[in-house]
Amino acid sequence: MDVWSILEHGGGKTLAISREDVVSKLEALVESRGSWYIERLQVSDSDGNRYTPEVGENGSVELVLRSGPSRRRR
């Protein structure tokens, strides 16, 4: 099972179970707080991938891959 997290500005964390669930939660935040709010949120999945949420002109939210899992130094 995938686990996604949305880290908010004040340190709050929201968990989601799928990419679609994350997008749904982000779209609700756009409606309640505005598109500027989600552009600084940190989104990550259970594989260690990090995403930047972007809002399209029509109000839809896209997750853009920012980086993959971090590698351990040897």
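**A walk through the chain**

Among contacts in the chain between residues at least 6 apart in sequence, 33% join residues at least 24 apart. The model behind this value is predicted.

Start with the order of the elements. The chain holds two helices and five strands. Read from the N terminus, they run β-β-α-α-β-β-β. The C-alpha trace spans about 45 × 25 × 20 Å along its principal axes. For 74 residues, a compact globule would have a radius of gyration near 11 Å; the chain has 13 Å, which agrees.

Next, the surface. The chain exposes about 5,400 Å². Carbon and sulfur atoms supply 44% of that area. Buried residues make up 27% of the 74 residues. Charged side chains number 11 positive and 12 negative. The centres of these two sets lie 14 Å apart.

Now the interior. In soluble globular proteins, nonpolar side chains tend to be buried together. Here the largest nonpolar core has 15 residues. Trp4, Val22, Leu26, Ile38, Leu41, Val43 and Leu63 touch the most other members. At least two core residues come from each of β1 (4-7), α1 (19-33), α2 (35-38) and β5 (61-67). The largest share, five residues, is supplied by α1.

Trp4 deserves a look of its own. Neighbours within four places in sequence are set aside here. Trp4 is then in contact with a run of residues from Thr14 through Leu15, Ala16, Ile17 and Ser18 to Arg19. Val22 is also among its contacts. Further along the sequence, Trp4 meets Val43, Ser44, Asp45, Tyr51 and Leu63. Of these partners, Val22, Val43 and Leu63 are named with Trp4 among the core members that touch the most others.

Two loop residues complete the tour. Glu8 is found in the loop between β1 and β2 (13-16). Leaving out residues up to four places away in sequence, Glu8 touches Thr14, Arg33, Tyr37 and Leu41. Tyr37 is 29 residues from Glu8 along the chain, yet their C-alpha atoms are separated by 9.1 Å.

Asn49 sits in another loop, between β3 (42-44) and β4 (50-55). Is Asn49 buried or exposed? Its relative accessibility is 16%, so Asn49 counts as buried, since the cut-off for buried is under 20%.

Methods. Residues numbered from 1 in each chain as written. Predicted model: local features only at pLDDT ≥ 70, side-chain atom pairs only at ≥ 80, totals over all residues. Heavy atoms only, no water. Helix = DSSP H or I, 4+ residues; strand = E, 2+ residues; numbered from the N terminus. Rg over C-alpha atoms; globule rule 2.2 N^0.38 Å. Buried < 20%, exposed > 50% of the residue type's maximum accessible area, 1.4 Å probe, protein only. Contact = heavy atoms within 4.5 Å. Areas by Shrake-Rupley, 256 points an atom, 1.4 Å probe, with all protein chains shown as cover. Lys, Arg positive; Asp, Glu negative; His and termini not counted. Charge placed at Lys NZ, Arg CZ, Asp CG, Glu CD. Core = buried A, V, L, I, M, F, W, Y, C linked by side-chain atoms within 4.5 Å.
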